[in-house]
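This report describes a protein model one part at a time. Please keep the sequence and the picture in view while reading.

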Number of protein chains: 4
Amino acid sequence: MGYRLASRKTKKDNTLVTIGDVVVGGEQLTVIAGPCAVENRDRYIQIALQLKKIGVQMLRGGAFKPRTSPYAFQGLAEEGLDILAEARRITGLPVVTEVMDTRDVETVARYADVIQIGSRNMQNFVLLKEVGRVSKPVLLKRGLSATIEEWLMAAEYVMAEGNSQVIMCERGIRTFETHTRNTLDISAIPAIKHLSHLPVIADPSHAAGKWGMVSPLSKAAVAAGADGLLIEVHPCPDEALCDGGQSLTPANFADLINEIVPVADAVGRKCQYQTKSLVKKSVI
Amino acid sequence: MGYRLASRKTKKDNTLVTIGDVVVGGEQLTVIAGPCAVENRDRYIQIALQLKKIGVQMLRGGAFKPRTSPYAFQGLAEEGLDILAEARRITGLPVVTEVMDTRDVETVARYADVIQIGSRNMQNFVLLKEVGRVSKPVLLKRGLSATIEEWLMAAEYVMAEGNSQVIMCERGIRTFETHTRNTLDISAIPAIKHLSHLPVIADPSHAAGKWGMVSPLSKAAVAAGADGLLIEVHPCPDEALCDGGQSLTPANFADLINEIVPVADAVGRKCQYQTKSLVKKSVI
Amino acid sequence: MGYRLASRKTKKDNTLVTIGDVVVGGEQLTVIAGPCAVENRDRYIQIALQLKKIGVQMLRGGAFKPRTSPYAFQGLAEEGLDILAEARRITGLPVVTEVMDTRDVETVARYADVIQIGSRNMQNFVLLKEVGRVSKPVLLKRGLSATIEEWLMAAEYVMAEGNSQVIMCERGIRTFETHTRNTLDISAIPAIKHLSHLPVIADPSHAAGKWGMVSPLSKAAVAAGADGLLIEVHPCPDEALCDGGQSLTPANFADLINEIVPVADAVGRKCQYQTKSLVKKSVI
Amino acid sequence: MGYRLASRKTKKDNTLVTIGDVVVGGEQLTVIAGPCAVENRDRYIQIALQLKKIGVQMLRGGAFKPRTSPYAFQGLAEEGLDILAEARRITGLPVVTEVMDTRDVETVARYADVIQIGSRNMQNFVLLKEVGRVSKPVLLKRGLSATIEEWLMAAEYVMAEGNSQVIMCERGIRTFETHTRNTLDISAIPAIKHLSHLPVIADPSHAAGKWGMVSPLSKAAVAAGADGLLIEVHPCPDEALCDGGQSLTPANFADLINEIVPVADAVGRKCQYQTKSLVKKSVI
C-alpha cells in the first residue's frame, strides 16, 4: 500500500503549485523568508517590507508555535494571523503559516495562502486529512526521523483527500551528529524529484541551527535541484523569541541572495532579485 | 525552561497512577495486553476474556489507528470505542486506547480508562494540552526520535494543564539497525526512574516488531525496573489487520507471563497470574 | 555472501568458549571485570584481588587504549601486558585485553587469555584476520554503528581464518540520544542468540557511560539472555585515567553482583559469588 | 584535550595539499576519479586514459579493499599497487589508494601519491599514527558514525606525528534513512571549513550508493564549498567487482563534469575540463 498520487509513476510532469503570481516547482526559484514566529505587529510589518524589497516571493511567520517546552512562547495565535494578513495587504506577498490543530484548519486556511504542516506533525494523520480537504496549498515539512517513503506517504494523506497542491520541505533529520541542530539530508532533494512529481524546497535554517551555515546549505540545496528555499530572517536575531541563533539579519539575507543567484543560474534556474548594492543602500 | 512538574527534584516520591483496582508505579507489575487494533466485536470480546483469565490487569486496543499509509485500515473509530466499553463491562478490566485528534479527546475520555498518546503524536502539543485538561490518566508513548528530555517535556505539557496522572511508555527508538523494527532503549527505563517520579512501562512488541523477541525484551524491561508492560496479543496474528508479525498468540502470551513472574520476583516486584498449566487447560 | 560459520543454520548447538576453568556460553553466567585501562602495577593487582574475592571469573584491563584524542593516555603497552600477566599469576584468573595493531597480535596473544577487538576496530578486517590465525579466544565488541549482520560478518572474518572461539559483546550503539553515552541495544542479545551459535555478553559500562545505570542494564542484559557481563570497576573512579564516570567502585560492584544473582537465577543461569556481607567485611 | 594542529584557531590560512601539479584546497576544484577497486591491468589502464582525457586530476583505485564479507573480493594487493604505478606512468596523473594495515604503510607510501584512510579505519589509531610518520599526503575519510569533532581528532592523530598534509573527505554518515546507502552530511563541508584549515572534499558515490544521485550531490558539495570530489567511475558498472551500482560510466562522468563546471564557477572555483562534445567524440 504505497503512495500513488504522489508518485512520479502516476504523473510524469512536475506539479506546479501556484500561489497568486508565485509558481513553485517551475523554472523560477522560490524564496520564502521571515522570522520563525510573528512576535508583534510593527516588527513583522517592518521585516516584511525589507524582505519585499530584497525580492522575496513569499513571507513566513508562525502564529501557532510548536515548542518543546510548555513554558516557551507559544505564538500569538489568531492575533498573529491578523498581522500576517496585514503584512500581505501591505506587501502584496502571499504568506505561509503553520497549523497544529484540526480545529484551527478552517481559520488558518482563511488567513494563509499556504498552510504549513510542521515536522512534529508530519505523521499527525488527522491533521493531514483535514488540510487535504481545504483548497489551499500545503507546505509539508519532513519529520525529524521520517524516511523519504513515510514523508511521501504523508503527502499521500493530503492528496487522498483531494488536495494535490503539496510542497515538500526538507528541513534536516535527526542523527547522532551534534555540531548542527539537525542533518540536512541533501539527498532527499534529488530523491523526491526522482520518486515524485511534487515540488521540493529546503529549509537550511532549521537544519543547521546556526546562521553561519545557512548560506552554504542554501547554495547546496539549489545546486541539488531544490525548487525553493525557506529562510529565517529576523530584524534582531538576538532578541528573537525563538530560534534566534539560526536567523539571518536582513543584511546577511541580502548577501545570501547575492550568492544564490549565480548558483541558481548555473543549474538553469531563474531568479530575479535586487542587487546587493541596492539592498544595502535603500533597505537596511 | 526545563520540565519541573515531571521532575524527581520537584517530587521525590514515585507517582502512583490509579485506575480502578490497578495501581501503576507501585510494587505490583502492571501488564496491559490486547490486539493492536479493535477489529470486530466478537474477536475482541473473545481475546479480552482470554487475557482476563491469564491475569492481565488492563486491556489495550486501538479504535483510532495512526497508519503510515492512508490506504491502510484506520480503525473502527467510535464503534471501536463501544466494543472496548463492552469488553470492560464483561471482564471488569480497565481499557486503554489512543486518541489522535483534539476533537475526539472528550469522546475518548468518556469511554477509556486510560488515554494513550501515540509515538507520532508525542510532540502534538495541542493534543497534549487537551488530554492535560481531562481527568483520565494518560499513557504517553515516547516519540520515534524523541530524546528522553523531550519526552519528559511532553509529559510536562500534560501536567502543566493540571493532569498529573501520566504513565511513560518506552516503545523503541529509530536507529540505523534494521533487524528490529525499532531499537528498545532499555536505558530509558532507569533514566526516567532517575529523572522523574512518573511510572514507566515498556512496549516490547512495537520495539521489536517480531513476536519471537517479545519475551526476552519483556524480561529485560522488568529487570531494568519497568513498572509494567504493554504487549500485543492477537487470537490469530496472521489475520491481524495491523502489526500481526509482532503479536503473540494467547498461548505464547501465557508462556511469556510464566517467564516474567520469576524475573519480576527477582527485582522485588509482585505479580499474580494464572500458572501455565491452568492457562493451557482452561483458556486456550 | 552472508556469514556461514557464525550462523545458527550451520551449527545448531551453542558454541562454548572455554578459557581455563571458565566456560562462556554455558549455564554459568560469566562476569568479567576490571578497570578500563591498566594504569599502574600496584593499583591493578589490588583491584584484581578484590574482584577475585567478589567472585569475578575473568579480569579485564587495557594495555593498548584506543582514545579519541592523541593527547589522552594511550595505555602502558607491553608494560601493561606484564602487569596483566602478574595479576593472572597472583589471582589465577584469566585476563582479557585489547589488541589494536596487527603487529601486536602475536605479543598480545602470548600474554592474554582472551584477545579483545574493540568497537572502533570491528571492521578492521586485517586485524580480524590476524586474530583469526591465533589459538586464543576473541572477544568481539560490536562497532558503534554496526548492524547485527555486519557484526556477525566480522565474526565470520575471524572464523574464516580458523579461529571459532568468538565471544560477541554488545556495548551500545550510536543513536541520537545524548542522555547515555551510547544506546545499549538490548535486542541484539536475543538476535545473536537466534541468528548465531556464538556466545554473547553485554558491556553496560560503555553503553551507559554512567555508573549509576550499570546495575539496571546488567540485570536487563542477563534477563534478555546474555551469557555474561563485562563491567568496569576501578578502585577510585574519580582518579581513573579513562572512563572514570562509568566505573563502579568495588563496593558498588559487589552490590551489583548481589542484585544480579537472583535475576540470573530467574532465567535459569547459575552464578556463585560471595555474598554482600562477606564482601563488605573482608574485601573493601 | 581537543584538536589543536587541525584547528583553524591555530592556523588561520587554508592548508594547501600539493601533489605534483595538483593543489588541493586552493582556487582550483580537484576531481579524483576511478573505479572502486583495481580489478585488472588492462581495464584500469583503459579507464585511467579515459579519465585523463576528460580532465581528471587524480586517479583512485583500491588495491586493498575493506569488504563487509570475508568472502567478497579483497583486492589485488601489491599487484594492484603495481597497476596503479603503471597508470601513473602512462597518464602522468597522481594516484590515491587505501591502506588498511600498519604493516603495509611503507609499501603503499612507496607506490601511492596520496594514502587513503577508509571510513572503517577512521579510528584505527595505530594506522593513523603510522601514516602520520610518512611524507605522503593522507586522504582521511569520515567514519560512518563519526562526529565532526572525532573526525578532526583523527586528523590530529596524523598531524601529531608530523604529517600535516591531510585532506578530509565527507562520504556520508549512517542514519535511519534507507533510500540512500548513507546520508551525505553536506553541512560537514562548511563545518570543516569553519573549524579547520584543512581541505575537505566529498565522495558522493559512497554516500548515495546510487549512480543517478552522484551528479546532484556533486553539485551540492561544490556549491557548499568542497575543495574537490572523489567519484567512482567504472567502464562497465554492471561487471564491477564492488560498488557497481554507484559507479558512473565514463560517458555519465563526462556529463557530470559538464554540469559541475558552471556550479564551480558560480562559487568562485576554477576548473578546466574537456567539453562534453570533445569527450563524446574522442574518448568514449
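The sections below cover the model and its confidence, a barrel, a helix pair and a chain contact.

## Model and confidence

This is a predicted model, in which local features need pLDDT of at least 70, side-chain atom pairs count only at pLDDT 80 or more, and totals for chains, interfaces and linings use all residues. Residues are numbered from 1 along each chain as its sequence is written, while chains are lettered from A and ligands numbered from 1 in the order in which they are written.

The predictor gives the complex an ipTM of 0.95 and a pTM of 0.96.

## The barrel of chain C

Helices (H or I, at least four residues) and strands (E, at least two) are DSSP runs, numbered from the N terminus. In chain C, eight strands form a closed barrel, in the order β3-β4-β5-β6-β7-β8-β9-β10, with parallel pairing; two strands pair if DSSP finds at least two bridges between them. From one strand to the next, the twist averages 25°. Angles run from 0 to 180 degrees between N-to-C directions, and axes are lines fitted to C-alpha atoms, for helices over the stretch in contact.

Strands β9 (residues 200-202) and β10 (residues 228-232) of chain C run parallel and are joined by two bridges. Ile201(C) has Gly228(C) as its bridge partner in β10(C). Helix α6 (residues 188-195) of chain C packs on the sheet, where it touches β8 (166-170) and β9 of chain C, and its direction makes about 170° with that of β9(C). Contact here requires that the C-beta atoms of two residues, placed from the backbone, lie within 7 Å.

## A helix pair in chain B

Helices α1 (residues 41-54) and α9 (residues 250-266) of chain B pack at an angle of about 20°, with their axes 11 Å apart. α1(B) and α9(B) are therefore roughly parallel to each other (angles under 35 degrees count as roughly parallel).

Ile47(B), Gln50(B) and Ile54(B) of α1(B) meet Pro250(B), Phe253(B), Ala254(B) and Ile257(B) of α9(B) in this contact. Its residues divide into six nonpolar, one polar and no charged. Ala, Val, Leu, Ile, Met, Phe, Trp, Tyr, Cys and Pro count as nonpolar, Asp, Glu, Lys and Arg as charged, and the others, Gly among them, as polar.

## Where chain B touches chain A

The contact takes 25 residues from chain B and 25 residues from chain A. On the side of chain B, α5(B) gives the most, with five residues.

Conventions
Parallel < 35°, antiparallel > 145°, perpendicular 65-115°, else oblique.
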